[in-house]
Amino acid sequence: MTMASHSDSFSRAHRIRRARRRRQIVRVITKRWWRAAARARFGFVPLGRRREIFAQQLREAFEELGPAFIKLGQLISIRPDMFPPQYVFEMENLRDAVTPVPLEVMRPVIEGDFGRPLEELFASFDPEPIGSASIAQVYRATLRGEPGETYTPPTGAALPTGAELAVKVIRPGSEATITADIAVITPLVNALNRIPALQRFNLPQLLSEFSESLASECDLRIEGRVSDRFAFDFRDDPYVMTPSIVWPLSSKNVLTMQYVEGWTLGHAREAEAVGVDARFLATYGANVFMKQVMVLGRFHADLHQSNLLITPDNHICYLDFGIMGTIADDQKEAIAQVLAATVYADAKRAIDYSAELGLVVTHDKQPEVIDQVADLMGRTFSHMPRDVRGFAMGFLSIMNEQRVSVPRGFGLLIKALVVVEGCAQMVYSDIDIVDAAKEFTTELVLTHMLRPARLYARIPRAIDAAMAELIG
Amino acid sequence: MLTNTDVMKFLTAWELLHETADEGLKAAIARGEQTTQGQMASDRGAFVDGLAAMIDAKKEVLKDELTNGTDASLTEEDSPAIQAVTELRFEVAELRGRLESMGAALDAIAAKL
């Protein structure tokens, strides 16, 4: 057989595989669409409920179609600027738990990256993974070294020989599988984008962002660097920690870090039984988020129950820095102003400052939008605990109905705030994160107000006003 | 010429000013505390009331710090020079981490040669 015929038969097999996968995708999506249409009584249920039904079926279709679609769904879950809130919040429920592959399949990845047998790299390595997702698996191991030796990570305390480690390893072929699926769905997405009703979702752009984020998620060194930066940013915080990275045992496909013992938020009661103040930590988490957004300008945008631990020594441990949001310096003040206006239920001020973040409500729509937002604040913030999730859903729905485009950073921020509330309320359902936001934003807004340059510019007007009040 | 009556009038005015300001502040604190408990105020005064309530709460912390001599509001580490050094130290440590990872990658390549 000649080289040319080898290549022909390979590309023919490749084309057949792609066609088969395309048919499978179309079949699953069509099946779910019909199921959703039937449950929505072919359009006879109200719009909000209809969207919830379709969103649920789409989420289940994504779970059925595997890793690429699970990742795509996760991307939708952080894009309230592009998708209706029902879809965004439904995609939070995507379960990225897949059957683990045996260590013998993963071993070549680790040994290939370090050129040494696994047994020479670690003192011990547990073959059973402690976590398994579509892109990576996590194992427990211990640090190898001479007795008395230590490794000093860029942040955190030195790790002694024998220290417990968590080793995250990229599943072989996961990136290629997802990339192949992207190639299969690209023509489908381009075809869907020709339907006028779907054009505003800009699906090709979403797909292109998906490819970019995938490349970053499949290079674990990026996650390690972000984790180090986070640890450094919170180095003086008595209640926040993140695992130290062991760089000599980290590469593109392997990230080795300190193993942290702790409870997930759903098991906070067990932590309390040994004296951990879980209620305080849950509330404190909201403050940590505010600091990330309004002071540091970078925030963990992929928080969920399994990315947070409560440790026996009374810390919140942040894990998995796959997705980070960033805030430009000039936007931090506007965010503080919008949040302060929201917690003080001042709809007009919230809308005014939102314009500085790119959420522009045209003059003709402003009175109606402000009335709607004020009404929403009344409904969601008038009882305790205040309902941030309800407010966010309502706010995004108003913007959606009024055809006001929500900038990406703004959407990500709202979504992250809702997740922070969800995490806190998973520990205690009556925790009100608006209280934490109130104190933080009030202090920050006050600091901005008392800037010398601002005071210097405003003092003449203040004196005029005071004189007018006293004398007039 | 300054008389005793003038001084008394000045002190009385001073006392009245303080009393009025104090009453205003107490009212603002009370309104701010009510807002904290879930009652909403939809005007910009709510911010000032909330701030007054917060300042009142912080006053107790300050009292405690002054009594016990535990004021930690400004430490040596807050100085810009020390912050710059700390930031630089982290960057060096981060760079060391990258080099360690690259070193491991080089070892892997060397082992394959």
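The contact between the two chains takes 25 residues from chain B and 29 residues from chain A, two residues being in contact if their C-beta atoms, placed from the backbone, lie within 7 Å. On the chain B side, helix H2 (45-68) and helix H3 (80-112) each supply at least two residues. H3(B) gives the most to this side, with 15 residues. By class, the side of chain B that touches chain A has twelve nonpolar, seven polar and six charged residues. In this classification, Ala, Val, Leu, Ile, Met, Phe, Trp, Tyr, Cys and Pro count as nonpolar, Asp, Glu, Lys and Arg as charged, and the others, Gly among them, as polar.

The model is predicted: local features need pLDDT of at least 70, side-chain atom pairs count only at pLDDT 80 or more, and totals for chains, interfaces and linings use all residues. Residues are numbered from 1 along each chain as its sequence is written, while chains are lettered from A and ligands numbered from 1 in the order in which they are written.

Chain B has three helices and zero strands, and its elements run α-α-α from the N terminus on. Helices (H or I, at least four residues) and strands (E, at least two) are DSSP runs, numbered from the N terminus. Of the 113 residues of chain B, 10% count as buried. A residue is buried if 20 or more other C-beta atoms lie within 10 Å of its own, exposed if 12 or fewer, and partly exposed in between, with C-beta atoms placed from the backbone.

The domain assignment of chain A gives domain 1 (14-96), domain 2 (97-259) and domain 3 (266-472); such bounds come from an automatic or database domain assignment. The centres of domain 2 and domain 3 of chain A, taken over C-alpha atoms, are separated by 30 Å. Their contact takes eleven residues from domain 2 and 14 residues from domain 3. Helix H10 (220-233) and strand E7 (240-241) of chain A each supply at least two residues of the domain 2 side, and H10(A) provides the largest share, five residues. By class, this side has six nonpolar, two polar and three charged residues.

For H15(A), the buried residues are A:Val369, A:Val373, A:Leu376, A:Met377, A:Thr380 and A:Phe381. Seen down the axis of H15(A), these residues fall within an arc of 105°, so they line one face of the helix; the arc is that of the directions from the helix axis to the C-beta atoms. An α-helix has 3.6 residues a turn, so residues three or four places apart point the same way. The buried residues of H15(A) pack against helix H14 (347-354), helix H16 (388-401) and helix H18 (433-449) of chain A. On the other side of H15(A), A:Pro367, A:Glu368, A:Asp371 and A:Arg379 are exposed.

In H2(A), the buried residues include A:Arg51, A:Glu52, A:Phe54 and A:Leu65. H2(A) is followed by A:Gly66, whose phi is positive, near 100°.

A:Ile29 lies in helix H1 (residues 3-39) of chain A. A:Ile29 is partly exposed, with 19 other C-beta atoms within 10 Å.
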